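Hello,

Here is the structure I promised to pass on to you. Please open it beside this email, and then read on for what turned up in it.

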Amino acid sequence: MSRVYNFSAGPSMLPEEVLRTAAAEMLDYHGCGQSVMEMSHRSREFDDIVKSAESLLREIMNIPENYKVLFLQGGASAQFSAIPLNFMNGSGKADYIITGQWAKKAYQEAQKYGSVRAVASSADKTFSYIPKTKKEDFDPETDYVYICMNNTIYGTVYHELPDTGDVPLIADISSCFLSEPLDVTRFGMVYGGAQKNVAPAGLVIAIIREDLLGKARESTPTMMNYQIMAENDSLYNTPPCYTIYICKLVLEWIKNLGGLSVMKERNEKKAKLLYDYLDSSKLFRGTVVPEDRSLMNVPFVTDSDELNAKFVKEAKEARLVNLKGHRSVGGMRASIYNAMPCEGVEKLVEFMKKFEAENL
Ligand SMILES: *Cc1c(COP(=O)(O)O)cnc(C)c1O
């Protein structure tokens, strides 16, 4: 067996240790004679799994008591509709900041349900920076302010959150979930699809301040009503059981490594290796302004489409896979989530140096 280094933006690498545990427990989970894929979601075994996943997440992220943790389906994209349906019901207004395609999609979806404003955008420079905002930029009557915290496609991240005063801040953290400590109390809600940094596809985790629940509009589909999901401990219907199980294993892996401050150190070390090289290279360059660079997604280019394609092809032959940039921007992108070991980034930089020497 020989595994590649997979730089995919999502679904993405999982920790090898987690995959080994899952493989070992595949046929017979803890002596119950069946796999987690096969068991009832109402069984005692699964109840233990989902409860441990929640309590590990609460511990690792330091989630306060007054926040609910929900395990949901429909992808991050389903929450683009669920968020306005659940929360845009006071003034019927919401403020969005457009930092890329995912924020834009959320903004466009919300327009179906109320009066939605794009307060700031970085579209003018292909989303290569995070636009600055002041508290006065936000409507104090707005039901919430929405951001995408880490922009998976463009490689920017909020290192400092916007000041929204008393207006709840809602953030899509799909591609930076569990990558570093996060002060949950700064948000009304954070949520993310699991397939970037937490588990396989099929699961969304939402963390919601309790006082915001119970205000969904009448027409909200039951499956998108966060209050109903909370009342049923995320078991209103069959949840993605196996994905929640892998999520639990990933959380145990993070806890055993030392938690989110250790994750952050590891991620900073990996990102620095790559950014330092990009800053010194004469062939490659990063596309994001240095102060807004993501630790998770690193887009870069050469000045030639031909060389970009050659690079992606030869990297693949060297078992460094999925380095092609998003179809909307081209170039390259290395997603270096939690599960990417430091050696993977070292191998990538080594390969880039060799490619530079051969092609400059
Ligand atoms: C991948 C991604 C999404 C879309 O997730 P789906 O689960 O495919 O709907 C949304 N937001 C961000 C930041 C992402 O990285």
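**What I found inside**

The structure holds two cavities of 30 Å³ or more. A cavity here is a set of points, on a 1 Å grid over the protein atoms alone, where a 1.4 Å probe fits but cannot get out, and lining residues have an atom within 4 Å of a point. Grid points are joined across faces, edges and corners, and a volume is the space filled by probe spheres set on the points.

Before going further, please keep in mind that this is a predicted model, where local features need pLDDT of at least 70, side-chain atom pairs count only at pLDDT 80 or more, and totals for chains, interfaces and linings use all residues. Residues are numbered from 1 along each chain as its sequence is written, and side-chain values use heavy atoms, with hydrogens and water left out.

The largest cavity has a volume of about 50 Å³. Its lining is made up of F71, L72, Q73, M223, M229, S234, N237, T238, P239 and P240. Sorted by class, these are six nonpolar, four polar and no charged residues. For these classes, Ala, Val, Leu, Ile, Met, Phe, Trp, Tyr, Cys and Pro count as nonpolar, Asp, Glu, Lys and Arg as charged, and the others, Gly among them, as polar.

The second largest cavity has a volume of about 40 Å³. Around it you will find N150, V157, H159, C176, S179, E180, S294, L295 and M296. That lining has four nonpolar, four polar and one charged residues. Why does the second largest cavity lie between domain 1 and domain 2? Both domains give residues to its lining, so it lies between them.

**The two domains**

The chain is assigned domain 1 (17-257) and domain 2 (259-359), with bounds that come from an automatic or database domain assignment. Their C-alpha centres lie 27 Å apart. In contact across the two are 27 residues of domain 1 and 27 residues of domain 2, where contact means heavy atoms within 4.5 Å.

**The nonpolar cores**

A nonpolar core is a set of buried Ala, Val, Leu, Ile, Met, Phe, Trp, Tyr and Cys residues joined through side-chain atoms within 4.5 Å. Buried means under 20% relative accessible area, exposed over 50%, and partly exposed in between (1.4 Å probe, protein chains only).

The largest nonpolar core has 90 residues, and those with the most contacts inside it are L57, M61, L178, I205, I207, F284 and F311. Helix α6 (residues 241-257) gives the most to this core, with eleven residues. Helices (H or I, at least four residues) and strands (E, at least two) are DSSP runs, numbered from the N terminus. This core also lies between the domains, because domain 1 and domain 2 both give residues to it. Apart from it lies another core, of 31 residues, among them A94, F127, Y144 and M229.

**Two residues to look up**

P299 is buried, with a relative accessible area of 9%. Leaving out residues up to four places away in sequence, P299 touches I153, Y154, G155, G286, T287, V288, M332 and R333.

Then go to N338, in the loop between β14 (332-335) and α9 (342-359). Is N338 buried or exposed? At 1% relative accessibility, N338 counts as buried. N338 and L14 are 324 residues apart in sequence and 8.3 Å apart in space, C-alpha to C-alpha.

Enjoy exploring!

Technical notes:
1 Å grid on protein atoms, 1.4 Å probe; cavity = no way out; pocket = protein on both sides within 12 Å on 5 of 7 lines; lining within 4 Å.
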